Amino acid sequence: MEVMDHTFGRVFTDRGRVYTASMQPGKRVYGERLYTVSGTEYREWDPRRSKLSAYLTVGGRCFPFRSDSRVLYLGASSGTTPSHVADVCCEGRVFCVEFAQRMFRDLVKTCEGRPNMMPILGDATRPSEYAMFADSVDIVYQDVAQKRQADIVCDNMDAFGAEFGMVAVKARSEDVTAPPEQIFEATEARIRERGYRILDARSLEPHEKAHEMIVFRRDD
Ligand SMILES: C[S@@+](CC[C@H](N)C(=O)[O-])C[C@H]1O[C@@H](n2cnc3c(N)ncnc32)[C@H](O)[C@@H]1O
């Protein structure tokens with residue numbers, strides 16, 4: 001097991017697969033494989049189940065998450081990817097926003113036993129409604145799969161003073177009829193218009209069809 005990239009640490013790789021060191025040894029979140037090496041338990045991070053793992057697997061290396069990062073995670077669902085982010089940001093905090101009641105119930109279970117993960121029942125299009133739970137964050141990660149993805153992530157970055165943003169753009173959620181490339185270009189242009197600098201924009205094929213991960217930062 002090797003550290004994937006020493007600039008960000010805490011993500012590991014072995015024979016092309018990606019892992020995080022588990023915050024909660026012995027516990028699986030989504031049936032992932034667990035391996036113990038030299039007393040540390042690693043959870044396999046499946047690129048078919050997590051767009052953030054897909055981003056790393058296809059060669060993405062703009063990865064702003066550090067061990068003490070505070071992260072606002074929008075579209076947490078049942079907590080699959082947020083649990084890996086919480087492994088990485090083991091001394092930080094991951095505020096997990098989800099608006100679907102059923103997914104939220106599963107998310108609450110995932111957060112049990114992971115003290116740095118906080119579930120928030122909220123609508124990512126209304127940051128003022130959950131501002132009381134997280135005053136400032138370093139990173140906003142967004143995977144809500146709905147329209148206006150650029151504005152939703154930028155509104156949250158502005159509201160929480162985040163330096164870095166990451167958005168998993170699902171072209172079909174913006175417009176089922178438009179070519180995905182056109183949607184990706186329009187999303188990148190909108191992020192720039194909102195005052196942010198794009199650091200990386202990368203297709204998640206073959207793991208996710210017609211998806212692009214965009215990584216950006218405040219441009220000051
Ligand atoms: C593609 S799934 C997220 C998967 C998750 N990020 C992962 O990798 O484990 C999208 C989630 O976003 C949630 N969602 C969609 N719109 C939302 C909104 N406006 N506010 C909060 N959650 C939203 C959906 O209910 C769904 O659970």
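**Exercise 1. Which polar backbone atom is 2.8 Å from a nitrogen atom of the ligand?**

Solution. Before we start, note that this is a predicted model, in which local features need pLDDT of at least 70, side-chain atom pairs count only at pLDDT 80 or more, and totals for chains, interfaces and linings use all residues. Residues are numbered from 1 along each chain as its sequence is written, and side-chain values use heavy atoms, with hydrogens and water left out.

Step 1. The atom belongs to Ala124: a polar backbone atom of this residue is 2.8 Å from a ligand nitrogen. A polar contact is a pair of N or O atoms within 3.5 Å; within protein, one must be able to donate a hydrogen and the other to accept it, and residues adjacent in sequence count only if both atoms are side-chain atoms.

Step 2. Look next at Gly75, where a polar backbone atom is 2.9 Å from a nitrogen atom of the ligand. In Glu98, a side-chain N or O atom is 2.6 Å from a ligand oxygen.

Step 3. On its own the ligand has 610 Å² of accessible area, and the protein covers 85% of it (Shrake-Rupley method, 1.4 Å probe; for residues, only the protein chains shown count as cover).

**Exercise 2. Find which helix gives the largest share of the shell around the ligand, and say whether this helix is buried or exposed.**

Solution. 

Step 1. There are 18 residues around the ligand, and Tyr73, Thr81, Glu98, Ala124 and Gln146 come nearest (near means that a heavy atom lies within 4 Å).

Step 2. Helix α2 (residues 80-88) supplies the largest share of the shell, three residues. Helices (H or I, at least four residues) and strands (E, at least two) are DSSP runs, numbered from the N terminus.

Step 3. Nine of the nine residues of α2 are buried, so the helix is largely enclosed by the rest of the structure. Among them are Thr81, His84 and Val88. Buried means under 20% relative accessible area, exposed over 50%, and partly exposed in between (1.4 Å probe, protein chains only).

**Exercise 3. How many disulfides does the structure hold?**

Solution. 

Step 1. The count is zero, with a disulfide taken as a pair of cysteine sulfur atoms within 2.5 Å.

Step 2. Take Cys90: the nearest cysteine sulfur, that of Cys89, is 7.9 Å away. Cys90 is partly exposed, at 22% relative accessible area.

Step 3. Now take Cys154, whose sulfur is 16 Å from the closest cysteine sulfur, in Cys62, so the two are too far apart for a bond. Cys154 is buried, at 0% relative accessibility.
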